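Subject: Structure handover

Hello,

Here is the structure I promised to pass on. Please open it first, then read my notes below.

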Amino acid sequence: MKTQSFYMRRIHPLVFMAIVTIICILLTASLHLSTFDRVKNNEQFFLRRSILDAAAVPHDGQPETVARLYQESVTEKDGVYQVKGTDGTMRHVTQFTGPGLWGPITIMVGFKNDQKTLAGVSIVSQNETPGLGARIEEPWFTSQFVDKQGPFRLVEEGTADSPEEMDAITGATRTSESFKNIMNRAITQSTTKSGGQ
Amino acid sequence: MAAAGMKKKTFLAPLGKDNPVFVQILGICSTLAVTNKLENTMVMVLGVMFTLALSSWTLSLVRKWIPSRIRMMVETMVIATYVIIVDISLKAFYPEMWKQLGPYVGLIITNCIVMGRVEAFALQNKPTLSLIDGLASGIGYGYVLLIIAFFRELLGTGSLWGFQILGSWWTNWSIMVMPPGGFFMLAIFIWIAHEGFIKKNKEETHV
């Protein structure tokens, strides 16, 4: 009688927990494995799309188109993506990361062949406040850098008109500030590299 | 008849007088965190409803075999499994949404409503009833969040579900989409709910 109660008290909970754990792990692991390729494809699609966006290569956002355009026009060398633009010139796209308000902001910055003029900017990942800082993902914000050379300084939203000004986002001063810093770091790095060549 | 009445009662309680958010004040962290965009809120609500209903059902199904001293570990394990299923499914099939919600999906595990309903209800009741209770609690949680999100997104950005609703004459109340806006809206909601229909119930119980 006593041994049975010892089993029920000490061993049975362990066995029960072990069985529950094994069932749960089997479930989640099989779901993970069955969606593994899909998840990987999604990640690759996001990365390729942001590279094409930063190089200002137009696309319709469909995974097939993005994959095809990437195959046709992009080559990677030492972390720099060389993208052949629609007009035949080369664009140089590099990834940059900097601290945002809530977490890191990772962006792709594309330069035209002179390594100074911006071809485009796109967001890889960000965790800013929805409706405020997260508006850096909106086209009006990312497209404002096209054909400018920087380095930038912030002006009030909707008032940037000279080449070294960039629109800040109202209500997201810290996000705008760190975005400007990332941009200026990208510009400095690109110009020193081209100057050294 | 009694069983049907019980089911109806179980279903209706979390929608009104036993609402998890504005009566039991549970699940407040996610109420504050995800309600600044209607779209994100909807996904969060569906995730919580799914987890709540199925973990209540599963645990109710095995409630007689769970050794009582390790029941919380078993509960957490089952809840976590369902949350991971939601997370992986979003990641694979709605990656854009998954990118936006980020860590919030994983945090469903710590939503007190899930554990609370399992402990308070599912471990004492039959699976079907527990499923109804979980689902109803999810709906009770969901509609509060959606109402709050409606006002926060509309006042904070002038848009709903990402579409611009209010014209350029509208000045965005930026504070509404920031954390303080969540506190204000939730407090106002709880106040209205208590002044409105909760008060009557209180008076009844006092008499």
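**Around A:L132**

Leaving aside neighbours within four places in sequence, A:L132 is in contact with A:I169, A:G171, A:A172, B:S174, B:V177 and B:M178. Two residues are in contact if their C-beta atoms, placed from the backbone, lie within 7 Å. A:L132 sits in the loop between strand 5 and helix 3 (139–142) of chain A. Helices (H or I, at least four residues) and strands (E, at least two) are DSSP runs, numbered from the N terminus. A:L132 counts as buried because it has 24 C-beta neighbours inside 10 Å. The cut-offs: a residue is buried if 20 or more other C-beta atoms lie within 10 Å of its own, exposed if 12 or fewer, and partly exposed in between. A:K180 is 48 residues from A:L132 along the chain, and their C-alpha atoms are separated by 16 Å.

**Before you go on**

This is a predicted model: local features need pLDDT of at least 70, side-chain atom pairs count only at pLDDT 80 or more, and totals for chains, interfaces and linings use all residues. Residues are numbered from 1 along each chain as its sequence is written, while chains are lettered from A and ligands numbered from 1 in the order in which they are written.

**Chain A as a whole**

Chain A has four helices and seven strands. From the N terminus, its elements run α-α-β-β-β-β-β-α-β-β-α. Its C-alpha atoms fill a box of roughly 90 × 40 × 35 Å along the principal axes. The radius of gyration of chain A is 24 Å, whereas a compact globule of 197 residues would have one near 16 Å. That radius is taken over C-alpha atoms, and the globule rule is 2.2 Å times the number of residues to the power 0.38. Buried residues make up 31% of the 197 residues. Among contacts in chain A with a separation of 6 or more, 49% join residues 24 or more positions apart.

**Two residues with positive phi**

Most residues other than glycine have a negative phi. A:A56 is not a glycine, yet its phi is positive, about 55°. A:A56 lies in the loop between helix 1 (2–54) and helix 2 (63–73) of chain A. It has 22 C-beta neighbours inside 10 Å, so A:A56 counts as buried. A:Q115 is not a glycine either, and has a positive phi of about 65°. The loop between strand 4 (104–111) and strand 5 (118–125) of chain A holds A:Q115. With 17 C-beta neighbours inside 10 Å, A:Q115 counts as partly exposed.

**Where the chains meet**

The contact takes 21 residues from chain A and 24 residues from chain B. On the side of chain A, ten are nonpolar, ten polar and one charged. Here Ala, Val, Leu, Ile, Met, Phe, Trp, Tyr, Cys and Pro count as nonpolar, Asp, Glu, Lys and Arg as charged, and the others, Gly among them, as polar.

**A helix pair in chain B**

The contact of helix 3 with helix 7 of chain B has 18 nonpolar, eight polar and two charged residues.

Best wishes
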